[in-house]
Amino acid sequence: MSQQDRKNEGGLSEEAKRKAEYFEHMSYYRFNGPAGGLSTWNMENGYLEARVRGFRSGFLTGGEYKQLMQCNTLDEVKLALTDTDYGQWITTVSKGVEEKNDIYSKKLSDACHKKFLEEFEYLRMNATGMMQTFLDMITYEPMINNFCKLIIAIQKTDEPEEVVKAIRESDPLGAYPHLNSIVAFDKQEDLLTDLFDSLLIDTPVSKYFWQYFLPELNTEDEKKDDAGALRKFTTEVELDVMMNMLQKYLLEDFYHYCREIGGETWEVMKELLEFEADRRTVNVTVNSFGTPLNEPDRHDYERKMLYPNFGTLYPDGQTILSGYGPKPGVSDFQTLGNEFKSKSVRFTAILQDEDNFVYGMRQEEAKMYAKGFEGQSHFGCFYAFYKLKMIELRNLKLIFDTISQPRTGEERRALFKSVTPLFED
C-alpha cells in the first residue's frame, strides 16, 4: 500500500494530511559521502542489503517464462503466476463478466507493478543517510517523466480532466507530494513561470529542469519574458528530446554522487552507470534516424548534447557518432555498424545486426545489471534490483498484452522473442 493510500484510508484530518505531505517533502534530503567502511557497513546498511538480496530470489526464472508463454488465455497466465512470488498480488485480480481482455491485461500488469512498488517503498522507508539519498535518486527518473508529461498536458489542453488523467497515468514510483495541485494551474500568460516558482522549484528534480531551461532563456532576445520563452520552448521542442536531456543531467549527477560515496559502491556503480551512459548514447543515435536530429547540420551539436558526458564512448566514440571536421556524423544503422566494426568497444557485435538490435540490447542490459548483485557491502544491488525489475515488468506486460489478443502461433513467437529472461548465462 502506498503512502497516499495509507493516508486516505487512515481517516486523517486535512491538517494531518498537510503535515504528512510536508514531512514526505522534507524527506528528500541529500546526504553527502563518503560512505562508512567495513566496520560500520553492516550496522548501517546490512539489514536492507540482505532484504534486497532476498528479493532477488523472487525474479522469474527462464522455466517460468516458458510456462507463461505457453498459456492460451490470461486466466491460465494468472494460474501459472500463483506459484511465483507474484501469487498473493495476482490472486486478488479477477475479470468482470463483460470485461474486455485489454482491461484484464492492464489489471494484471498493475498488480505485478504494485508488488514491486511495495518492495521498493519498504526499502526507502527504512533507509537512512546516504542509502536514503541513493534510493531517492533512483525515483528521480520516473519523477522527471511525470513532470514532463504534465507540463505538456497543461500546454496542450484547457480541460482539467485531461490533466487529471495525466496525473492518474503517471508512474507511482515518481510520485511527489503536492503533485495533484498542478490541476489548479490555469492556462494563462504566466503559467509556466508560476508552475516553476510554486511547484517545481521545491522538488528534488528542479535543478535538472533549470539546467535545461535557463540556457534557452538566456539566449532569448526578450530576456524578461520568461513565461513566453518557456512556453515557446515547451511547445516547439520534442517531448522526447526534453526528457532525454533531463535524464542526461540526472545520470551525470547520479554518477558524481556515487563517486562521492566511494568504496565498493563506486566500483560497482561506475561500471553500471557507464554502461547506462553508453546505452543511452547508442539509443539516442539510433532513435534519431529519420528525425530532424539526423540532419547533417544538427549532428555535431543538438544530438551530441543528448549524450552523457561520461562512459566508455566518451569522448572519442561520441565524436565519431556526431561527426568532426569534414567528416559527417552517423546517419544510418549500416554506417553506425561499420564505424565500430573494427573497434573493441561495447555493443560492437550488437551493432552489426540491425534486425535484432533491440533484442540484443535488452539481453546486454540484463547481463550487465545482474552483475550488480555480485560482491557485497555496496549500494549497487539496489540499483540493479530496480533496473532488473523494470525489465521483468516489461516482460510480463508483453506476455499479458500478447495473450490478450487473438494471434497466430507465428505472431506470438515473434513477439515473445523480445522477452528477456534474467540471471541466465
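The following legends describe close-up views of a predicted protein model.

**Figure 1. Overall view of the helical protein.** The predicted model contains 20 helices and 0 strands. Of the 425 residues in the protein, 48% are buried. When contacts between residues at least 6 apart in sequence are considered, 69% of them join residues at least 24 apart.

**Figure 2. The buried side of helix α5.** Helix α5 spans residues 74-81, and its buried residues are L74, V77, K78, A80 and L81. These residues lie on the same side of α5, because the arc they cover around the axis is only 160 degrees. An α-helix has 3.6 residues a turn, so residues three or four places apart point the same way. The elements that cover the buried residues of α5 include α4 (62-69) and α6 (87-90), together with α7 (101-126) and α19 (380-404).

Figure 3. Rolling a probe the size of a water molecule over the atoms shows where empty space is left. The count of cavities of 30 Å³ or more comes to 1, and the largest cavity holds about 100 Å³ of space. Its lining consists of M137, I138, E141, Q247, L250, L251, F254, E276, R280, Y383, Y386 and K387. At least two lining residues are supplied by each of α8 (129-156), α13 (239-261), α14 (263-288) and α19. Helix α13 provides the largest share, with 4 residues. By residue class, the lining of the largest cavity comprises 7 nonpolar, 1 polar and 4 charged residues.

**Figure 4. The aromatic pair of Y369 and Y383.** A pair of aromatic rings is described by the distance of the centres and the angle of the planes. The structure holds 20 aromatic pairs, and one of these is the edge-to-face pair of Y369 and Y383, with 5.8 Å from centre to centre and 75 degrees between the planes. Y369 belongs to helix α18 (residues 357-370) and Y383 to helix α19, so the pair ties together parts that are 14 residues apart in sequence. Y369 and Y383 are both buried. The two residues also belong to a cluster linked by ring pairs, in which W41, F134, F254, F275, F347, F379 and F382 take part as well.

Figure 5. G323 is placed in the loop between α16 (316-322) and α17 (333-341). This glycine counts as buried because its relative accessibility is 6%, under the 20% limit. G323 and P296 are 27 residues apart in sequence, and their C-alpha atoms are 8.7 Å apart in space.

**Figure 6. Backbone features in two loops.** Most residues other than glycine have a negative phi, and most peptide bonds are trans. The peptide bond from Y314 to P315 is cis, with omega near 0 degrees. P315 is found in the loop between α15 (296-303) and α16. S377, a residue other than glycine, has a positive phi, near 60 degrees. The loop between α18 and α19 contains S377. With a relative accessible area of 16%, S377 is buried.

Terms used
Residues numbered from 1 in each chain as written. Predicted model: local features only at pLDDT ≥ 70, side-chain atom pairs only at ≥ 80, totals over all residues. Heavy atoms only, no water. Buried < 20%, exposed > 50% of the residue type's maximum accessible area, 1.4 Å probe, protein only. Arc of directions from axis to C-beta. Contact = heavy atoms within 4.5 Å. 1 Å grid on protein atoms, 1.4 Å probe; cavity = no way out; pocket = protein on both sides within 12 Å on 5 of 7 lines; lining within 4 Å. Points joined across faces, edges and corners; volume = space filled by probe spheres on them. Nonpolar A, V, L, I, M, F, W, Y, C, P; charged D, E, K, R; others polar. Phe/Tyr/Trp six-rings, centres within 6.5 Å; stacked < 30°, edge-to-face > 60°.
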